[in-house]
Amino acid sequence: LIAGTRKTTPGFRLVEKYGLLVGGVDTHRMDLSSMVMLKDNHVTSCGSIRKAVDQARSASGFSYLVEVEARNIEEAQQALQARADVIMLDNFSPEDIQTAINILKRIDDTIMIEVSGGITEESIRHYMIPGVDVISVGALTQGVPHVDFSLKIVEYS
């Protein structure tokens, strides 16, 4: 599954998310309220991945998925132990992704694995690794060239 990321142009979220759908990719999240995503700042402020996941579940309730962004294999293992629903392997090399998948899927073959960070149209094939469930690509909304046009008012005679 190829997905965009949460990053959209201010004021253009709906248009850009619609463009992703029309283009045949997933929107990842429509907005910040669609899923809980725990990043390094959340983990740091809570003290650990487990505490961050527990607090997120307490605040969001049973109906929200909790995703943890992991910067290394150790954090990915902690996210699995904390019962995160999705583990995002952020800025991992394809080799490190394979290593992480081998470890994580051996423990829980149902865990959803997302890879993200610097993935481009040119490099995406290297991330199409068995065990990767979602490849998120920020360039789908952030790197799109825009049309430069203007609207001129002309006198009608």
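1. Strand β5 (residues 112-116) is mostly covered, with 4 of its 5 residues buried. Buried here denotes under 20% relative accessible area, exposed over 50%, and partly exposed the range in between (1.4 Å probe, protein chains only). Helices (H or I, at least four residues) and strands (E, at least two) are DSSP runs, numbered from the N terminus.

2. Residues are numbered from 1 along each chain as its sequence is written, and side-chain values use heavy atoms, with hydrogens and water left out.

3. On confidence, the protein chain averages a pLDDT of 88 (the predictor's confidence in each residue, from 0 to 100), and 97% of the residues score at least 70. Where pLDDT is low, predicted coordinates should not be read in detail.

4. Strand β5 has partners in both β4 and β6. Strands β4 and β5 run parallel and are joined by 5 bridges; V86 has M112 in β5 as its bridge partner. Strand β6 (residues 134-136) also runs parallel to β5, with 2 bridges between them, and the bridge partner of E114 is V134 in β6. Two strands are taken to pair if DSSP finds at least two bridges between them.

5. The structure holds 5 salt bridges, each defined as a side-chain nitrogen of Lys or Arg within 4 Å of a carboxyl oxygen of Asp or Glu. One of them joins the side chains of K39 and E69 at 2.6 Å, N to O. This pair links distant parts of the chain, 30 residues apart: K39 is in the loop between β2 (36-38) and α2 (40-46), and E69 is in strand β3 (residues 66-70). E69 is buried, at 8% relative accessible area, whereas K39 is partly exposed at 22%.

6. D40 and R71 form a further salt bridge, at 3.8 Å, N to O. Because D40 lies in helix α2 and R71 in the loop between β3 and α4, the pair ties together parts 31 residues apart in sequence. D40 is partly exposed at 30% relative accessibility, and R71 is partly exposed at 47%. D40, R71 and E75 are linked in a network of salt bridges.

7. R57 and D85 also meet in a salt bridge, at 3.1 Å, N to O. R57 belongs to helix α3 (residues 49-60) and D85 to the loop between α4 and β4 (86-90), so the contact ties together parts 28 residues apart in sequence. R57 is partly exposed at 25% relative accessibility, as is D85 at 27%.

8. A nonpolar surface patch is formed by V147, F149 and L151, with about 420 Å² of accessible area together. Accessible areas come from the Shrake-Rupley method with a 1.4 Å probe, and for residues only the protein chains shown count as cover. Patches are made of residues with over 30% relative accessible area and no salt bridge, like charges being joined within 9 Å and nonpolar side chains (Val, Leu, Ile, Met, Phe, Trp, Tyr) within 5 Å. F149 lies in the segment after α6 and is exposed, at 61% relative accessibility.

Methods. This is a predicted model: local features need pLDDT of at least 70, side-chain atom pairs count only at pLDDT 80 or more; totals for chains, interfaces and linings use all residues.
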